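Reader: I'd like a close look at one part of this model, the place where the two chains meet. Could you walk me through it?

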Amino acid sequence: MNTLLIIAGKEIRDGLRNRWVVATTLLMASLALALSFLGAAPTGTVGVGPVEVTIVSLSSLTIFLLPLIALLLSFDAVVGEIDRGTMTLLLSYPVARWQVLIGKFLGHAAIIAFATVLGYGSAGAALALGGAEIGHDSWRAFAAMIGSSVLLGAAFTALGYLASTLVRDRGTAAGIAVALWLVLVLLYDIALLGLLVADGGKTVDAGVLNGLLLANPADAYRLFNLTGFKNVSLLAGTAGLAAQVQFSGAVLLGALAAWVAAPLGLAVLLFSKRQI
Amino acid sequence: MTQEPTIRAVGVTKRYGSHTAVRAVDLALMPGECVAMVGHNGAGKSSLIKLMLGLTTPDAGHLSVLGGDPAGADAPHIRRQVGFLPENVAFHPSMTGRETLDFYARLKGVPCRGNPALFERVGLETPAVARRVGTYSKGMRQRLALAQALLGDPKILFLDEPTTGLDPALRQSFYEIVATLRDAGTTILLCSHALTELEGQADRVVVMSRGSKVADGSLSTLRGLARLPVRIRLTLAEEDAETLARRMGEGAALTRLAGGVVELACANDDKVAAVRRVIANDTAITDIEIVQPSLDEMYAHFLRQTDAQREAAE
């Protein structure tokens, strides 16, 4: 346990030193604040609060931005250290391979969690100071959005680690990371739509579709935030979809957690067999 | 008390794909022994060290380090007693020297309060320790690398090309540290290209070529095995050189070098007799120098020999 913390701590300090933490936190905070100010303006007649507006816009933004940040942060984690030669020395110390990988992952995940909580939290603080009446449920939805965003970031960090362990070349790892982002964040949904249109509802029923949505961490995240809370789904126009989705919030969070655990587990397995 | 070897390799072979990096190597290293491993790039030195560190696993043969399998369940226990200075050492550039050593000390479970003494020992000064490693010169990085290898008083020290980038003064102090450790009972395995500087440092020399061990022994043993000629260099007047050549007769190869120096080559066992003959001639010799075959020459000899054997076998 101690070894994990030492390695994670080193990774966090590295992140602080090379300004990753500062840059990500500032980016998240400025975008979140901008969206919350925009969202606070035109709410009068819709019957939803500013928090719901912010959740819808922020979670849509998160789906694009956070996976990218997570992948950029993680694709170099293993292959880069092997390339630079720091891994050989590290592994000659009394540490197990899984400790190295999980420790580094914890460090990177902590950076993402820090940036998300602080960045989005500042938007929440701005809303609270804005003076509008904000219900208990709205805050719960907002907290759930932050929490699931951290989980989404962790899932893509784990995917980045897998890419970093799979290959022997930093360029290839970067390529895989970009491809993962393109496919999971952009192309997957387009392909899914295309499939639904082409199929015309003959073979792809709600069950299959739901399964396909769970098979992508970005979609699991979207469903969780846009359908999980009634007020939000009304605004997002996903209330109809919410009635179709049979998953509870716990299942969707479970799917996200599985997207953290599975790539990370596979990366650990590959890394322990790797001949450095 | 009979001592157990700290490292014992029996028929260790390591393949990377179709390339055999280490070929059936037998090796035993004792406590308090400083062994130099020489061989050119790709001879299998670093691969062998990686095997001994447990970073890779042998495809055949048996390897035990401090009585255990370096890649097995004992690994953490073994690695706590091993120091390693890798070739082309790299550190995280954004960490300071002190942070770097603290990090490695914590990983090894060594208290950090011993670190200032360690910095002093390798000659890294306090202002340098507080700076980021990214700003270090090659020599300073190498000192930091040595400091981390010395953490926790290791029983075995692997030094892969430790003196590249060090100036002569630093090299000197580096070998002093190594000698102190050896006298304290540490097993030291030293890889180097700089063969001449190993003379006088290593108790034993292991010559590697294309993954195989081609020679193993003390410098004098290797000299005997190689049967390379000893050269006697004499400085004398031009006309005397002619007489000397005539008098020495056959059996002594005589070459003229620049500056009125004549070089006589003879077998190691004959050198005393040869010197007697030279002195007996009442030639006016102003200087005499006996040159033993250098490690470089012996190394080249063993490589030629192995290549010839390999060709003969094919």
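To start with, how many salt bridges does the rule find across the interface of chain A and chain B?

Author: Bear in mind that this is a predicted model. Across the interface of chain A and chain B, the rule picks out 2 salt bridges.

On the chain A side, α1 (2–17), α4 (79–84) and α5 (86–91) each bring at least two residues to the face that touches chain B. Of these, α1(A) gives the most, with 7 residues. Sort that side of chain A by residue type and you get 9 nonpolar, 6 polar and 8 charged.

Now for the contact as a whole. Chain A puts in 23 residues and chain B puts in 28. For chain A and chain B the buried area comes to about 2,500 Å², and carbon and sulfur atoms give 60% of that.

Strands β1 (residues 7–16) and β2 (residues 19–29) of chain B run antiparallel and are joined by 7 bridges. B:Ile7 stands opposite B:Leu29 of β2(B). Between the two strands there are 2 residues, and in this hairpin B:Gly17 takes a positive phi near 65 degrees.

Definitions and conventions: Residues numbered from 1 in each chain as written. Chains lettered and ligands numbered in written order. Predicted model: local features only at pLDDT ≥ 70, side-chain atom pairs only at ≥ 80, totals over all residues. Heavy atoms only, no water. Contact = heavy atoms within 4.5 Å. Buried area = accessible area lost by both parts, 1.4 Å probe. Salt bridge = Lys/Arg side-chain N within 4 Å of Asp/Glu carboxyl O. Helix = DSSP H or I, 4+ residues; strand = E, 2+ residues; numbered from the N terminus. Nonpolar A, V, L, I, M, F, W, Y, C, P; charged D, E, K, R; others polar. Pairing = 2+ DSSP bridges.
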